[in-house]
Amino acid sequence: MEKMTLRQFWKSIGTSQKDKIRISMAEKTGKSIDTVQAWMLDYRKPSRLEAEALYAYLKDNFQVEIIEEGGGQ
């Protein structure tokens with residue numbers, strides 16, 4: 001399983017995959033699509049529970065483990 005930061009992951013995927021993540025995570029967390037976009041670009045930080053849901057979703061659907069900027073999680 002590949003390890004990368006959230007921003008690296010976001011830049012590595014295509015538009016249709018980004019749309020799928022925005023919609024799915026907005027539905028799962030009750031947040032807006034714009035908020036999910038801000039998480040992915042590291043403009044805002046998700047809460048602990050939102051981050052857990054996001055990381056689990058990415059691990060299950062994209063086989064990627066998200067690490068913190070500058071090191072391991």
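Predicted model: local features only at pLDDT ≥ 70, side-chain atom pairs only at ≥ 80, totals over all residues.
In which loop is the place of Asp42? Asp42 sits in the loop between α3 and α4, where helices (H or I, at least four residues) and strands (E, at least two) are DSSP runs numbered from the N terminus. Residues are numbered from 1 along each chain as its sequence is written, and side-chain values use heavy atoms, with hydrogens and water left out.

Lys45 and Thr35 are 10 residues apart in sequence, and their C-alpha atoms are 9.4 Å apart in space.

Contact here means heavy atoms within 4.5 Å.

Met40 also belongs to the largest nonpolar core, which has 17 residues, and is listed among those with the most contacts inside it, together with Phe9, Ile21, Leu54, Leu58, Phe62 and Val64. The elements that give two or more residues to this core are α1 (6–12), α2 (15–29), α3 (33–40), α4 (48–62) and β2 (64–67), and the largest share, 4 residues, comes from α4. A nonpolar core is a set of buried Ala, Val, Leu, Ile, Met, Phe, Trp, Tyr and Cys residues joined through side-chain atoms within 4.5 Å. In soluble globular proteins, nonpolar side chains tend to be buried together.

The next step is to see how the helices are arranged. α2 and α3 pack at an angle of about 110 degrees, with their axes 8 Å apart, which makes α2 roughly perpendicular to α3. Axes are lines fitted to C-alpha atoms, for helices over the stretch in contact, and angles run from 0 to 180 degrees between N-to-C directions; angles under 35 degrees count as roughly parallel, over 145 as roughly antiparallel, 65 to 115 as roughly perpendicular and the rest as oblique. The crossing of α2 and α3 is right-handed, a term used if the near helix is turned clockwise from the far one by less than a right angle, with left-handed used if anticlockwise. On the α2 side, the contact is made by Ile21, Arg22, Ile23, Met25, Ala26 and Thr29, and on the α3 side by Ile33, Val36, Gln37, Trp39 and Met40. These residues divide into 8 nonpolar, 2 polar and 1 charged, where Ala, Val, Leu, Ile, Met, Phe, Trp, Tyr, Cys and Pro count as nonpolar, Asp, Glu, Lys and Arg as charged, and the others, Gly among them, as polar.

α2 also meets α4, and here the axes come within 11 Å and cross at roughly 140 degrees, so α2 and α4 are oblique to each other. This crossing of α2 and α4 is right-handed. Residues of α2 in the contact include Lys20, Ile21, Ser24 and Met25, and those of α4 include Glu50, Leu54, Tyr57 and Phe62; the residues of this contact divide into 7 nonpolar, 4 polar and 3 charged.

Glu50, found in helix α4, is buried, with a relative accessible area of 14%, and Glu50 touches Met25, Thr29, Lys31 and Trp39, not counting residues up to four places away in sequence. Tyr57 lies in helix α4 as well and counts as buried because its relative accessibility is 8%. With residues up to four places away in sequence left out, Tyr57 touches Lys20, Ile21, Ser24, Met25, Lys28 and Phe62.

The last stop is Gln63, in the loop between α4 and β2. Gln63, a residue other than glycine, has a positive phi near 50 degrees, and at 47% relative accessibility Gln63 counts as partly exposed.

Technical notes: Buried < 20%, exposed > 50% of the residue type's maximum accessible area, 1.4 Å probe, protein only.
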